[in-house]
There are 2 protein chains.
Amino acid sequence: MNKEIRIFSPATVANVACGFDVLGFCLDTIGDEMVIRQTEQKGIKITVIEGYDLPFEVEQNVAGVSALAMYNSLQPDCGFEIEIYKNIKPGSGIGSSSASAAGSVFGMNELLGKPLNKTQLTHFAMKGEALASKCEHADNLAPAIFGGFTLVKSASPLQILQLPTPSDLFVTLIHPQIEIKTSESRAILPKEILLQNAIIQWANVGSLVHALHTSNYDLIKDALCDVVIEPYRKQLIPHFDDVKNAAMKAGALGCAISGSGPSIFMLSKGEDIAKSVQKAIKTVYAKTNIAFETYVSKINTEGIKTIL
Amino acid sequence: MNKEIRIFSPATVANVACGFDVLGFCLDTIGDEMVIRQTEQKGIKITVIEGYDLPFEVEQNVAGVSALAMYNSLQPDCGFEIEIYKNIKPGSGIGSSSASAAGSVFGMNELLGKPLNKTQLTHFAMKGEALASKCEHADNLAPAIFGGFTLVKSASPLQILQLPTPSDLFVTLIHPQIEIKTSESRAILPKEILLQNAIIQWANVGSLVHALHTSNYDLIKDALCDVVIEPYRKQLIPHFDDVKNAAMKAGALGCAISGSGPSIFMLSKGEDIAKSVQKAIKTVYAKTNIAFETYVSKINTEGIKTIL
């Protein structure tokens, strides 16, 4: 009989205000499911895709490309079938492609008896991520695979740090159903930034890492500030300032763009505040004619996992 | 009888490779001594200056200006005399003016029964520092007053974080006896920097803070890297690259400019390596016709203190 496992591959938030291109964290209540099946027939096959319309051709599919990279490297004496049950909408800014790319390699690794560590899995998953975002990066993959808060110290050589997660930290998320092209959100950024703004940003990154280590929620609040990227990218997200103002007024520790948007995330101390924040930002978007979804989630310290 | 105390006011290293304008740490074996005396006669007086030729006029002296700022704010029913025994050469890049500025306010605070906390002391010391460096900053004052590693999250409002110090961390320092004008070392810096370099820098700042929290010496080594400031400022320091190469070859975790130079610091794991590093960099400068001093020191986790 063919061995198979079902996995939960979580959504993630990259950048985390001050930590553009390096910080990320993992969500708990939003994610894809995937089934990975070990087969006698060699090769990689995608057999089911539900939820969103994505290509079945392995070389055209993010989960397929990462699976193939790992498969070609390990050359196991078997093959794999991949079933993808997608809940995370592609282009939402909460790591949809990363969840797919991480899911296939995680599942294969489990079935093969865990020959690879988490950094090695991330390495192969980056090959899939590159298909979606045109460059190999790990800002969403690292939190998906490691769980909790992560810092990608460098992409080449790949070096990922797992940061501590204060236990009372909750996420509120709003996904306005608009499309922002990754190319556009990249093109809007300047090549050069003011040194004085860079200093503010790295003071905040250092402070945020210290705050996570010391469970200092006041300092998390002070550090969740992006003076470099947000002024540009928020122009692509309707009502960003209104959402942020409402969230902060409702008690959020911070509010910033998730990845390259359009989703916006808030961090709060405690689930009650996170839910008040959700209510407040719903009110903002309810007045517009833009469809939207909101979520509340704990920080997921486990990351991608096998489920029953 | 007039109450008096004698204090040790330590030298400090600001910037710490990746942490330009925000990180600093405190040295143990190098510092000034000062005597602060409470007098019945009101006002601030500088009565002794030894070691280097500095002005006795309170408004012209760094220690005097900080003392006066605190004195005018607290308006105590007494006065203070300040004796300065300077060991840290002004302009050496290891916080000479900060040691003076911190010393007077620390001593007065002790004599008055500690009405002020460390952040408040730093606030007044910054007034003195501004006389020397033309701007109010706390990169050297914070480690002098708090001890260990510090991160100045922001100068206004003043927010200082005390970071943990791994117990086996030692400093080697070389002070080439050349003059670099602060104005020149500021002028050489660009107003704008590449976003991609800023990202590397804040990944390193975050990694260094994480490494200090986890006593991860390998990560300290990886994070002690400055891609933003060093390429400019090292031009002002003869044989910088040779010193760095020799230090790294001798086993240092990292090597970078101390403050705005000309001093260069190295961090090492253990005193033995720090001494091997000292030997290696001495060899480099011995071949030149530039006078120099070298030091080895533990990281001073206590900061400025009363001595017998």
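Let's start where the two chains meet: strand β8 (residues 192-194) of chain A pairs with β8(B) in the antiparallel sense, over three bridges. To find one of those pairings yourself, look for A:L194, whose bridge partner in β8(B) is B:E192. Keep in mind as you go that this is a predicted model.

Now look at the rest of that interface. On one side, 37 residues of chain B are in contact with 36 residues of chain A. The size of an interface is often given as the accessible area lost when the parts come together. Here chain B and chain A bury about 2800 Å² between them, and 70% of that is on carbon and sulfur atoms. Which residues of chain B lose the most area to chain A? They are B:K153, B:L195 and B:W202, which together make up 25% of what that side buries.

What about contacts between polar or charged groups? Across the interface of chain B and chain A the rule finds zero salt bridges, but there are 13 residue pairs in polar contact. As for the elements on chain B's side, those giving two or more residues are β5 (149-155), β6 (158-163), β8 (192-194), α6 (195-214) and α7 (217-223) of chain B. The biggest giver is α6(B), with 14 residues. Sort the side of chain B that touches chain A by class and you get 22 nonpolar, 10 polar and five charged residues.

Next, head into chain A and find strand β5 (residues 149-155). Why can we call this strand largely enclosed by the rest of the structure? Because six of its seven residues are buried. You can also see which strands pair with it. Strand β2 (residues 23-39) of chain A and β5(A) pair in the antiparallel sense over three bridges, and A:G24 stands opposite A:T150 in β5(A). There is also strand β6 (residues 158-163) of chain A, which runs antiparallel to β5(A) and is joined to it by six bridges. The link from β5(A) to β6(A) is a hairpin through two residues. Look for A:A155 here, as its bridge partner in β6(A) is A:L158.

Side chains of opposite charge can pair when their charged atoms come close. Over all chains, the count by this rule comes to 24 salt bridges. One of them is between the side chains of A:K86 and A:D32, at 2.2 Å from N to O. A:K86 lies in the loop between β4 and α2 of chain A and A:D32 in strand β2 of chain A, so the pair ties together parts that are 54 residues apart in sequence. Are these two residues buried or exposed? A:K86 is buried, with a relative accessible area of 5%, and A:D32 counts as buried too, at 0%.

Stay with A:K86 for a moment. A polar atom of its side chain lies 3.1 Å from the backbone oxygen of A:S96. Leaving aside residues up to four places away in sequence, A:K86 touches A:D32, A:E50, A:G51, A:Y52, A:L54, A:S96 and A:S100.

But here both A:D77 and A:K42 are exposed. Over in chain B, B:K114 forms a salt bridge with B:E110, with the closest N and O atoms 3.9 Å apart. B:K114 is exposed, with a relative accessible area of 55%, whereas B:E110 is partly exposed, at 25%. Salt bridges can also share partners, as they do in the network that joins A:E4, A:R37, A:E81 and A:E83.

Our last stop is A:G303, in the loop between β11 (292-298) and β12 (305-307) of chain A. A:G303 counts as buried because its relative accessibility is 0%. Its C-alpha atom is 9.1 Å from that of A:A142, a residue 161 places away along the chain. Not counting residues up to four places away in sequence, A:G303 touches A:P10, A:C26, A:P143, A:A144 and A:G147.

Key. Residues are numbered from 1 along each chain as its sequence is written. Chains are lettered from A and ligands numbered from 1 in the order in which they are written. This is a predicted model: local features need pLDDT of at least 70, side-chain atom pairs count only at pLDDT 80 or more; totals for chains, interfaces and linings use all residues. Side-chain values use heavy atoms; hydrogens and water are left out. Helices (H or I, at least four residues) and strands (E, at least two) are DSSP runs, numbered from the N terminus. Buried means under 20% relative accessible area, exposed over 50%, partly exposed in between (1.4 Å probe, protein chains only). Contact means heavy atoms within 4.5 Å. Buried area is the accessible area (1.4 Å probe) that two parts lose on being put together, summed over both. A salt bridge is a side-chain nitrogen of Lys or Arg within 4 Å of a carboxyl oxygen of Asp or Glu. A polar contact is a pair of N or O atoms within 3.5 Å; within protein, one must be able to donate a hydrogen and the other to accept it, and residues adjacent in sequence count only if both atoms are side-chain atoms. Ala, Val, Leu, Ile, Met, Phe, Trp, Tyr, Cys and Pro count as nonpolar, Asp, Glu, Lys and Arg as charged, and the others, Gly among them, as polar. Two strands pair if DSSP finds at least two bridges between them.
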